[in-house]
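Welcome! Let us walk through this structure together, one step at a time.

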Amino acid sequence: MAGIAVIDVTKSFNGFTALKDVSVAIPEGSLTALLGPSGSGKSTLLRVIAGFEEPDGGQVLIGGEDVTSRPARARGVGMVFQHYAAFKHMTVWDNVAFGLSVRKWPRDEIRDRVHELLELVQLEGLAKRYPAQLSGGQRQRMALARALAVEPGVLLLDEPFGALDARVRKELRAWLRRLHDEVHVTTIIVTHDQEEAMEVAGQIVVLNDGRVEQVGSPRELYDTPANEFVMSFVGPVNRLGETFVRPHDVEVRLEPDVGSIEAMVERVVHLGFEVRVELVRDDGHHLLAQLTQEEAQQLEVERGQIVYIRPSRETVFTR
Amino acid sequence: MSRYVLRSATLAYLALLLLVPVGLVFFRAFQPGFHHAWTAVSSHQAVHALELTLLIAAITVPVNTVFGIVLALALVRTRFPGRGLVNAIVDLPLALSPVVAGLALVLLYGNGGWLGGLAGHGIKILFAVPGMTLATMFVSLPFVVREVVPVLREIGTEQEQAAETLGARPFQVFRRVTFPAIRWAVAYGVVLTTARAIGEFGAVSAVSGHIEGRTETLPLYVKSQFDNLDVQGSYAASVVLALIAIATVVSLRVFHPREETG
């Protein structure tokens, strides 16, 4: 187990700067998400930590040691890829045993360890299968067992649930969270999905355009975003002039009030407990209000109706 | 209905172009009786030609297989200046007439050629087995490379990177992850290389000097018997060549009956 420090890392590809002076500290034993839109540099940062990309400048420290010029095999990292990277010609058993067998572990120790890991990822019955005979979720759990087998100091997950369908993705997220509580290995997960990052990670690093925008817990990012980008990336947001308002902080009234804004109901979407009201102002600006089912029933809002809104809580960023 | 038309058209085309001519060779070879055909191919000269052909193939195929895999890895997995040029040059033997390849070797190793001086030091390349082997290697170079390159592209680098993070050294990655993924492409390449090495006429003819019983491969023997009006010997040797070719292609089907789908 080991903490990670990324210090002033810069990386460009053919003139495109993927990372600009990125510095991030990842505490030992934490589960950290690198969150950002595509092209933000999050995957490049992960690949620099793994040792697949050599940074143009800066340092990578794992467990306090400078590993910047070490090859990936000597960094003690386990890697899980979006598309599994399963060894297709090997059984599940041989996939998981791979790292141990290249390290020339004795046969009976390999057997015990592989058993232990297959149990951990709940694939005991499928040891003799080939990856092609597994579902996506099973393949990804196999990939995780394979990475964990060599007891890496650091576990790196590159969009690990990106190729799975929504239901399996949700299951695996919860499972990963529980697994991390059990194994405690320092873990970095790359994702573009803010909900996934918030659900799984204890710490989130928000990246945009090759820079770190903010580092914090899910709650800090949501409640006290550092800037407009973070605010709009970690959740839906309305813009009213210079102020930003979350849809659940928009109060909807049928009567005008001091400081309220007039808007027309464009659409009402019922999502069970949550009711989403899409509004349009007379200047053509669109707004989103999030109500509970109860609130929506009391208001009886309908399409085409004129309502008056007021932010109950708003954020202004100083520039 | 149109399916039957398509099917019979394909079969008719194949029959006319391939089966009938090759079948005719078999028919003519055995027409005077099996005994005659056997006598023709067991002559000292014919046996030597066969041995020489197999020797050249036995050198060419392993060398071009190893080199082909290395070249394919270099082309797909690395970036180096002139990669595009190398990629194009690999195809040259496919486009170039084999006689030209042979002549190029004659120019290089012949009297006055850049490496012509080797003959003076007792290293005989031209009109000898080394030159014929070089000519065969030249013309059969692209097959392994061309089979392996698309498969390497398709499998991508993630499996190799996963193996690397698990502690595998570069050669372990190749032996345990990359090679098993490309083995059928390599096998196809080996079959094509073998077939070409055994059947090559033009390039080998240019550098062999046609010394009977010394520098005559089986294809050259077929031609020389034909020219010497020993048509029967020519047919019989042709049958041997055809059988080797059929065996090569069939062996691959036996090992790997299904079409590779990736």
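Where the two chains of this predicted model meet, the contact draws on 24 residues from chain A and 17 residues from chain B. Together, chain A and chain B bury about 1900 Å² between them, and carbon and sulfur atoms account for 57% of that area. On the chain B side, three residues stand out: T165(B), L166(B) and R176(B) supply 37% of the area that chain B buries against chain A, more than any other three residues.

What kinds of polar links cross this interface? The rule finds 4 residue pairs in polar contact, with both residues at pLDDT 80 or more, while it finds 0 salt bridges between chain B and chain A.

Now look at the helices on the side of chain B that touches chain A. Two of them, α9 (158-165) and α10 (170-199), each supply at least two residues there. The helix that gives the most is α9(B), with 7 residues. Sorted by class, this side of chain B has 7 nonpolar, 5 polar and 5 charged residues.

Let us finish with a stop in chain A, at D181(A). You will find D181(A) in helix α5, which covers residues 166-183 of that chain. Is D181(A) buried, partly exposed or exposed? D181(A) counts as partly exposed because its relative accessibility is 44%, and that class lies between the cut-offs of 20% for buried and 50% for exposed.

Definitions and conventions:
Residues numbered from 1 in each chain as written. Chains lettered and ligands numbered in written order. Predicted model: local features only at pLDDT ≥ 70, side-chain atom pairs only at ≥ 80, totals over all residues. Heavy atoms only, no water. Helix = DSSP H or I, 4+ residues; strand = E, 2+ residues; numbered from the N terminus. Buried < 20%, exposed > 50% of the residue type's maximum accessible area, 1.4 Å probe, protein only. Contact = heavy atoms within 4.5 Å. Buried area = accessible area lost by both parts, 1.4 Å probe. Salt bridge = Lys/Arg side-chain N within 4 Å of Asp/Glu carboxyl O. Polar contact = N/O pair within 3.5 Å; in protein donor to acceptor, adjacent residues only side chain to side chain. Nonpolar A, V, L, I, M, F, W, Y, C, P; charged D, E, K, R; others polar.
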